[in-house]
Amino acid sequence: MVVSEEESRRRYVEGAIISALRLYRHWRKRGLTKNEAFKRSVKQALGMMEVSGLSREEVIDVLEDFWEDSRRN
């Protein structure tokens, strides 16, 4: 299946969210405090979102969609 460039960018942002969750768990297992693990994970995710090529408004739309989808399941 071929997806549009826009859809590919949206999926990249979704991947950044999932990556942040996994990275948080990784840092906690390494012994970092909850706060430090959270800061590092969020920093990584924000960096990924910045290079996604989407505008801030589009990133916010993806985050809202992701949140709504997660609440349905």
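This note reviews the fold, helix packing and core of a predicted model.

1. Basis. Residue numbers start from 1 along each chain as its sequence is written, and side-chain values use heavy atoms, with hydrogens and water left out. Because the model is predicted, local features need pLDDT of at least 70 and side-chain atom pairs count only at pLDDT 80 or more, while totals for chains, interfaces and linings use all residues.

2. Overall fold. The protein has 3 helices and 0 strands, in the order α-α-α along the sequence. Helices (H or I, at least four residues) and strands (E, at least two) are DSSP runs numbered from the N terminus. Along the principal axes, the C-alpha atoms fill a box of roughly 40 × 30 × 25 Å.

3. Of the 73 residues, 21% are buried (under 20% relative accessible area, with exposed over 50% and partly exposed in between, for a 1.4 Å probe and protein chains only). Among contacts (heavy atoms within 4.5 Å) with a separation of 6 or more, 59% join residues 24 or more positions apart.

4. Packing of α1 and α3. Helix α1 (residues 5-29) packs against helix α3 (residues 56-72) at about 60 degrees, with the axes 10 Å apart. The pair is therefore oblique: angles under 35 degrees count as roughly parallel, over 145 as roughly antiparallel, 65 to 115 as roughly perpendicular and the rest as oblique. Axes are lines fitted to C-alpha atoms over the stretch in contact, and angles run from 0 to 180 degrees between N-to-C directions. The crossing is right-handed, meaning that the near helix is turned clockwise from the far one by less than a right angle.

5. Residues at this contact. Helix α1 contributes E6, R10, V13, E14, I17 and I18, and α3 contributes E58, V59, D61, V62, L63, D65 and F66. By class, these are 7 nonpolar, no polar and 6 charged residues.

6. Nonpolar core. The largest nonpolar core has 10 residues: V13, A16, I17, A20, A45, M48, M49, L54, V59 and V62. Such a core is a set of buried Ala, Val, Leu, Ile, Met, Phe, Trp, Tyr and Cys residues joined through side-chain atoms within 4.5 Å. Helices α1, α2 (34-50) and α3 each give two or more residues, and α1 supplies the largest share, 4 residues. Beyond four places in sequence, V13 contacts M49, S52, L54, V59 and V62.

7. A buried serine. S41 lies in helix α2 and is buried because its relative accessible area is 3%. Not counting residues up to four places away in sequence, S41 touches A20, L23, Y24 and W27.

Methods
Nonpolar A, V, L, I, M, F, W, Y, C, P; charged D, E, K, R; others polar.
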